[in-house]
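Dear colleague,

I am passing the structure below on to you, together with my notes on what was found in it. Please read the notes with the model open beside them.

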Amino acid sequence: MSYIKLDYSKATPFFGNFEMGFLQDVISSIHTNLLKESEDKKGSLGWLHLPGTHKNEEYEKIKIEAAKVRGNSEILLVIGIGGSYLGTRAGIELLNHSFHNYLTQETRLSPQVFFVGTNLSSTYISDLIELLKGKDFSINVVSKSGSSLETAIGFRIFKKILADKYGEEEAKSRIYITTDYQKGTLKLAAIEEGYKTFGIPEDIGGRFSVLTSVGLFPMAVSGICIDKVLDGANTAKMELAQRDINRNPAYQYAAVRNILYNKGKTIEILASFEPKFHYFSEWWKQLFAESEGKEGMGIFPSAAMYSTDLHSIGQYIQEGRRDLFETVIQIEKSEKEITMGTEPKNLDGLNYLSGKTVSFINEKALLGTVDAHMNGGVPNLVIRVPDICPFSFGYLVYFFQFACVISSHILGVNPFNQPGVEAYKNSMYSLLRQPQKLSENSVTTQAITY
């Protein structure tokens, strides 16, 4: 019995049970090959064994330095993009108070965490600069290669602000670099300037790096118990080694996705009835989009937050094109609870809900949605998770990483490269190196040079 449960009974009306059996040998063979390939330590499979090997010097350094930041900073700025930030933000927003950054320092007992280097908006960056005024802060720059333009620009801007505030030497003590152990622009800068560094293993790519220093250091700074995160991932690693497709939810998820894809279901919506899953969904989208979306193939990963989005795109899901399916994350036990009371006049007509919890009502909304969408021609898979906690987060990260790689191999694509990402970069760099041309109507506001 696995920690999470996958219920695909609301998808089976759209295919035959025998089709799952056809994939048993294929998936088992893929898993065997993954284990063999991971032994050389030079591919992209370091994440496969990572959860059970975290008790090391680097891990202890993460805890020590995170405690320092909690002691001397009101804000931690995480500078990174894509896999260097999405999983981190997913963990911080899922596992902390819904309004973590708005609470007082005394209530939080940990720094606010803000993200930059995720875009090239001068307005966003300027607003963040204003937010930092009068605040003690530290920086964590995350990039395996150090070559992402968004990250490099963010680092240059906020490194100067840090130096102007504290002086060069103290500023250096507040800068943490998470990058390749041996090479790259950031590694060279760290050696030259004496910045503290955390390493990203060579055999772990960005979107698979949540459980390395990439995610663990900022999560530890925000007060999350990273021991429990890794315990959850390690439990997933052990449970998902089960070779029987009938007892392995990751195998089942990968199989059902591909069966539905071959039947024309080319869009997957990851849905949750818990708003704290928003950035987890964003990480999931990158994981599957960059892993499967190539060579003219792949399921398009989308996300929805219910019941909010049932009042926006719900109509389309119910009656639009029948080329999609849903995977719903169901949380079995709410962190907090509210019980509906009774009103004497019952003007809103809600007394029939008296004594019922909001979580109970939310659960019925979930079950009703799954039934309605299935009856409308949309296959549904439900992933049941006991609760929202660090252990569950670690388990889910490993579950989706493992299932994604299995699914990609069934599809026949390499899940570890992303050649299409370079296309926009090459075009952008070409345009940036051209002579600047400003129209007569061009206006720059609040211009600052860094």
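Leucine 109 sits in the loop between α4 (105–108) and β3, where helices (H or I, at least four residues) and strands (E, at least two) are DSSP runs numbered from the N terminus. Its phi is near 65°, a positive value in a residue other than glycine, and at 69% relative accessibility leucine 109 counts as exposed, where exposed means over 50% relative accessible area, buried under 20% and partly exposed in between (1.4 Å probe, protein chains only). Asparagine 346, placed in the loop between β9 and α14, likewise has a positive phi in a residue other than glycine, near 50°, and counts as partly exposed at 27% relative accessibility.

Please keep in mind that this is a predicted model, in which local features need pLDDT of at least 70 and side-chain atom pairs count only at pLDDT 80 or more, while totals for chains, interfaces and linings use all residues. Residues are numbered from 1 along each chain as its sequence is written, and side-chain values use heavy atoms, with hydrogens and water left out.

The parallel sheet

An open sheet of 5 strands has the order β3-β2-β4-β5-β6 with parallel pairing, two strands being paired if DSSP finds at least two bridges between them. The edges are taken by β3 (112–116) and β6 (196–200), each of which has a single partner strand, so one side of each is left without a neighbour in the sheet. From one strand to the next the twist averages 20°, with axes being lines fitted to C-alpha atoms, for helices over the stretch in contact, and angles running from 0 to 180 degrees between N-to-C directions.

Strand β4 (residues 137–142) is largely enclosed by the rest of the structure, because 6 of its 6 residues are buried. In a regular strand the side chains alternate between the two faces of the sheet. In β4, Phe137, Ile139 and Val141 point one way and Ser138, Asn140 and Val142 the other, and all are buried. Strand β2 (residues 75–79) runs parallel to β4 and is joined to it by 5 bridges, with leucine 76 opposite serine 138 and leucine 77 opposite isoleucine 139. To strand β5 (residues 175–180), also parallel, β4 is joined by 4 bridges, and here isoleucine 139 stands opposite isoleucine 175. Helix α6 (residues 149–166) lies across β2, β3, β4 and β5 and runs at about 155° to β4, contact meaning heavy atoms within 4.5 Å.

The mixed sheet

Another open sheet is formed by 5 strands in the order β1-β10-β9-β7-β8, and its pairing is mixed. Here β1 (5–7) and β8 (300–305) stand at the edges with a single partner strand each, so one side of each lacks a neighbour in the sheet. Neighbouring strands of this sheet are turned by 20° against each other on average, direction ignored. Strands β1 and β10 (residues 380–385) run antiparallel and are joined by 3 bridges, in which aspartate 7 has valine 382 of β10 as its bridge partner. Helix α12 (residues 278–292) packs on the sheet, touching β7 (267–272), β8 and β9 (324–331), and its direction makes about 175° with that of β8. Helix α14 (residues 358–375) packs on the sheet as well, touching β9 and β10, at about 165° to the direction of β9.

Aromatic rings and a cis peptide

The count of aromatic pairs comes to 26, where rings of Phe, Tyr and Trp (its six-membered ring) pair if their centres lie within 6.5 Å, planes under 30 degrees apart counting as stacked, over 60 as edge-to-face and the rest as tilted. Phenylalanine 273 and tyrosine 306 form an edge-to-face pair, at 5.5 Å centre to centre and 70° between the planes. Phenylalanine 273 lies in the loop between β7 and α12 and tyrosine 306 in the loop between β8 and α13 (314–319), so the pair ties together parts that are 33 residues apart in sequence. Phenylalanine 273 is buried, with a relative accessible area of 7%, and tyrosine 306 is buried at 3% relative accessibility. A cis peptide bond, with omega about 10°, joins tyrosine 306 and serine 307.

With best regards
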